[in-house]
Amino acid sequence: GTGVACAYVFRYRGGAYYGSGPSREPSAMHAVVWRAIQEAKARACTRFELGWQGHARTEKERGIERFKAGFGGVDVPVWVMGGDDAD
């Protein structure tokens, strides 16, 4: 009867961006994000952004990057100007 996991996805200019994904069950997020990707495609989104990779500093952040990489796809470089995390 109660929800186990959800994904907050933004749509903008033909793309979708995964913003957050809280869950009560760790294994549920893979299914939820996969369903979000399918829904974005059904809504004519041409790309699905899961967020930054290659910037992990902690074990938790490395786990999040492994989770994101598990969906496949390609990494697309983006230019970042300013900010604390800029290389």
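Q: Is Glu39 buried, partly exposed or exposed?
A: Glu39 counts as partly exposed, at 28% relative accessibility. Buried means under 20% relative accessible area, exposed means over 50%, and partly exposed lies in between, with a 1.4 Å probe and protein chains only. This is a predicted model, in which local features need pLDDT of at least 70 and side-chain atom pairs count only at pLDDT 80 or more, while totals for chains, interfaces and linings use all residues. Residues are numbered from 1 along each chain as its sequence is written, and side-chain values use heavy atoms, with hydrogens and water left out.

Q: Which residues form a salt bridge with Glu39?
A: The side chain of Glu39 meets that of Arg35 in a salt bridge of 3.4 Å, N to O. Arg43 also forms a salt bridge with Glu39, and there the closest N and O atoms are 2.7 Å apart. A salt bridge here is a side-chain nitrogen of Lys or Arg within 4 Å of a carboxyl oxygen of Asp or Glu.

Q: And where do Glu39 and Arg35 lie?
A: Both lie in helix α1 (residues 28-42), four residues apart, which is about one turn of the helix. Helices (H or I, at least four residues) and strands (E, at least two) are DSSP runs, numbered from the N terminus.

Q: What about Arg43, buried or partly exposed?
A: Arg43 counts as partly exposed, at 47% relative accessibility. Salt bridges that share partners join Arg35, Glu39 and Arg43 into one network.

Q: How many salt bridges are there in the whole structure?
A: A search of the whole structure finds four. One of them links the side chains of Glu59 and Arg66 (3.4 Å, N to O).

Q: New topic: why does strand β1 lie largely in the open?
A: Strand β1 (residues 8-12) has five residues and the number buried is zero, so the strand lies largely in the open.

Q: How many bridges join β1 to β2?
A: Five bridges join β1 to strand β2 (residues 15-20), and the two strands run antiparallel. Two strands pair if DSSP finds at least two bridges between them. Tyr8 stands opposite Ser20 in β2.

Q: What sits between the two strands?
A: β1 and β2 form a hairpin with two residues between them, and Arg13 in the turn has a positive phi of about 45 degrees.

Q: Which residues form the nonpolar patch on the surface?
A: Tyr8, Phe10 and Tyr17 form this patch. Tyr17 is found in strand β2 and is partly exposed, with a relative accessible area of 37%.

Terms used. Patch = residues over 30% accessible without salt bridge, like charges linked within 9 Å, V, L, I, M, F, W, Y side chains within 5 Å. Areas by Shrake-Rupley, 256 points an atom, 1.4 Å probe, with all protein chains shown as cover.
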